[in-house]
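Me: I'd like to go through this one term by term, asking what each label rests on. Could you take me through it?

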Amino acid sequence: MPSMKKELLTFFLFAMAVVIAPLFFSGGYLMNVLVFVGINTMLAVALNLLLGFAGQISLGHAAFFGLGAYISGVLTATCGYSPWLTLIIASTATSVLAFVLGFPILKLKGHYLAMATLGFGIIVYIAFNETVDITAGPSGLTGIPNYSIGSFQFDSDTKNYYLIWAFTLVTILLSVNLANSRIGRALRAIHDSETAARVMGVNAGFLKVQIFTLSALISSVAGCLYAHTMTFISPASFGFNFSIELVTMVVVGGLGSIYGSFFGAALLTLLPEFLRTFQDFDILVYGLILILMIMFMPGGIVRGIPEIAGALLPAFKRTRGENA
Amino acid sequence: MNFASQILQYLLSGLSTGAIYSLIGLGFAIIFNSTGIINFAQGEFVMLGGMLTYFFLSVVKVPFAAAMLLAVITSTATGVIFERLAIRPLKQPTHLNLVIITIGGSIFIRGLAMIVWGKDTHTIPTFYGSAPITLEGATILPQHLWIFGITFLVIIINKLFFFYSISGKAMRACAYNRNAASLVGIDVKRMVLFSFAISSSMGAIAGMIAAPLTMTSYDVGIMLGLKGFCAAIIGGMSGGIGTVLGGMILGVLESMGAGLISSGYKDAIAFIILLLILFVRPQGLFRKAETERV
Amino acid sequence: MNVGTLAFLFIMTIFVNQALAAPPIKIGALFSVTGPASFLGEPERNTAQMVADEINRSGGIKGRQVQLIVYDTQGDSTKAVQAATRLIRQDHVSAIIGPSITGDTMAVIPIVEKAGVPLVSCAAGIKITEPVKSWVFKTAQNDSLAVAKIYEYLARHKIKRVAILTVSDSFGSSGREQLKLNAAKYGIQIISDDTYGPKDTDMTPQLTKIRNSQAQALICWGTNPGPAIVARNAKQLGVKIPLYMSHGVSSKKFIELAGDAAEGIILPSGRVLVADLLPNSDRQKKTLLSFVKDYQNHFKKEGDHFGGHAWDAMMLVKTAIERGGDKPSDIRAQLEKIRNFPGIGGVFTYTPKDHSGLNKDAFVLVEIKGKDWVLVH
């Protein structure tokens, strides 16, 4: 277990990279992509807490993302509340829902849990689609205002980048702290064997619900940020497909690795850009990449790349030795 | 038309949709019971059944019966190839990795279908007869009877296979305990292959018999797969009558929900019922509670 | 002069030529080529590419080649936003055609408004151009016009009570909104309002309910394959009231899917479907026939209503560039001045207050008889 000091240093370096990145990309297209990388990183890290640490499968996490987006979006666009206020309302409401649902849902395990979260995600998606009077239905909700402080509006990619990444960095710091704390160890114990953990005195049931709620809270905040950056939301962005994308980000990045979630999120956000060249074949290539990643790098990028590098390095050294 | 015949119509429509869900659910249950894997690509085999039948019938232009046979064979081959290439070589077969790889597989197969056959919807003719049959004010089509009949047949064959044949019993043994099964000489790897082959052929059959009514296109697999999975869960992942009843219940609830409550929310109703069952009786309605070794 | 110097001069000439050759005109396109709306995006992309190739073959616009840059939004508004940003900031396009669906269009509007790049959408939602936005135009007919066409016919035939069955995606929900909004104006009462999912395979529950109601007609609003299933289910259940559909199924595919159940169904359609049935005096006939022929030659499929939206968008942008040059603000100004342009979707007239360009004459009413279309008068 890396020491807290090392973890903080890593975090500091990462945060520095995030802060100076716009100097290179501002005004360009990549800036827009980095905004979405920020949101997806936040979501992936939140899901990782549940999936990687506590080992609980969730195939419906897009629902919390969507609840944050719609609650904040509707209250600001239709009712005229301030986006900062609705951020608090939306995240609180979503957390309460997650807390209440968490108790029965997290009693389930394995595929039953997967199915329950899947079902929950679909129910929420249908609710977004059907409550046309509130959410404007499938055509989407327009006119969502940007965040603003006084007369300063967050209306450009660079400004939204800083706003979003501020929240994302807080999320990462929070997760790092959590991972290295008693709670983090308890979560890992639950992951390995819930019964053994309970026997050791861990209140597994309650702890699972708490982490579920935290994960939902963070996801809903990401939803608010998304809504006020795009100024438009539609139910299609919060469905089953996106839930699967999130799980893929976490797994591809590396379960249980916080920075892995960043890599997974970045990769899957950037991948479509790279896949554009394939035109219609892009879906095929996406599926293939998923399969290959799991087959050859089941531990995710964070573990797979060092593994491959480690395997190649001795071979490299050997040839150099021969030529010398 | 009075209320009673309305209800009867909902019931009949629901049962025929439910029969399809049952077949798909059985596919899930069979693989799960032999390997512990939930094959998220199951829905795509259903799609392949319909699409391949259309392909062989209308593009290659072979007679109907031959087209169906070829469709089942090709789907089964796809299932076997999928198992060989994607599932077997897995180094760390955790729950999650399997979920993701089968999802990746389903995306890949769907993408392939889209490229080869395009995005259009296609029809295939009904098996025999197209005049609606009326029953006390409610109607069903002859194709529905075919669906019931074939589903029933498949279930009986299934039961016979798993309970009375050596391979079937061997597969059930793998489900109970893989290590014990291999210790008594069962080739576990071969059983896994068999279960994928059986599931993909059943999925294909489900797709084929439904397609004359529902039409077929490259993306019908997603929702059907989900509903089939629901059916299996409601039925307790049993390889027999439990899943069948699960499918029927799901179909009828959907139909009643759409007719009596709200058509927009009918899918939500189905999933809410699912959640309630999972909360209250997660082993499904038809299985005794499980005990788990820790 | 040695060979080296000759080679150098040769290479330099090529470079200079390239530098002096007029840069291509870049037009961006956003279509949902894959995903749930691919039946829109694919013909639209094919058509746009076909038009671009044709323009280039005949020498380009004012001697400059057209470069069409197409991105697939997959029917997802997040991807639409990313693609639009890329077209504007990285590819530096002068105009954007598409997106295919209303949701994607609404998502992209703030971006083009801010960047000052004209957008000619192929989506039908009335909200796209009402209220009017200076940089946003559309070529697909407003669904309100289609609704008006049907209601007019119903009112003429003294039908007062209708049941509606709409699909729960943006096409269906927009149609449903318009159906509800305009009913009273034509003396129509909607007594049953049901929906179905885009991937549903059985609508007998909804139809059973409708059969039991007092409705005199059923209006189904969706795109293939749903309405085909509705038609077949209606036949199975012996639903006796007349069935009306939306322009979402104005394609031979619908007749193929619905089979015998399609007989007698009436729907509004763009003129492209019945181009050969139109009188020679019809302003659009020539354009329509040549479009249908071209598409058939290129893609071996019938040129349809949806591809037509992209044709209109490309040709309108081309006309604007021909008249005013390819600066985004010039394109916008020229688009607003277009009068009586015969396109596939209708005859377009844009004004500063009207960026949708069409009125209800853009639609004709057709009936399916003997597996083919017949004009209804």
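Me: What share of the 377 residues of chain C counts as buried, and what makes a residue buried?

Reply: The share is 59% of the 377 residues. A residue is buried if 20 or more other C-beta atoms, placed from the backbone, lie within 10 Å of its own, exposed if 12 or fewer, and partly exposed in between. Bear in mind that this is a predicted model, where local features need pLDDT of at least 70, side-chain atom pairs count only at pLDDT 80 or more, and totals for chains, interfaces and linings use all residues. As for names, residues are numbered from 1 along each chain as its sequence is written, while chains are lettered from A and ligands numbered from 1 in the order in which they are written.

Me: Why is Pro145(A) called partly exposed?

Reply: Pro145(A) has 19 other C-beta atoms within 10 Å.

Me: Where does Pro145(A) lie, and which residues is Pro145(A) in contact with beyond its neighbours within four places in sequence?

Reply: Pro145(A) is in the loop between helix 6 (132-135) and strand 1 (148-149) of chain A. Helices (H or I, at least four residues) and strands (E, at least two) are DSSP runs, numbered from the N terminus. Setting those neighbours aside, Pro145(A) is in contact with Thr76(A), Pro83(A) and His228(A); contact asks for C-beta atoms, placed from the backbone, within 7 Å. Pro145(A) and Phe232(A) are 87 residues apart in sequence, yet 9.1 Å apart in space, C-alpha to C-alpha.

Me: What secondary structure does chain C have, and what makes strand 2 (66-72) and strand 5 (136-138) of chain C edge strands?

Reply: Chain C has 12 helices and 14 strands. Five strands form an open parallel sheet in the order 2-1-3-4-5. Strand 2 and strand 5 of chain C each pair on one side only, where pairing needs at least two DSSP bridges. Strand 4 (residues 119-121) of chain C has three bridges to strand 5 of chain C, so that meets the rule of at least two. In this region, Val120(C) stands opposite Phe137(C) of strand 5.

Me: What lies across strand 1 (25-31), strand 2 and strand 3 (95-97) of chain C?

Reply: That is helix 2 (residues 38-57) of chain C, at about 170 degrees to strand 2 of chain C. Angles run from 0 to 180 degrees between N-to-C directions, with axes fitted to C-alpha atoms, for helices over the stretch in contact. Helix 11 (residues 305-324) of chain C also packs on the sheet, touching strand 1, strand 3 and strand 4, at about 160 degrees to strand 3 of chain C.

Me: How many residues do chain A and chain B each bring to their contact?

Reply: Chain A brings 34 residues and chain B brings 35. On the chain A side, the largest share, 13 residues, comes from helix 5 (110-130) of chain A.

How values were computed
Contact = placed C-beta atoms within 7 Å.
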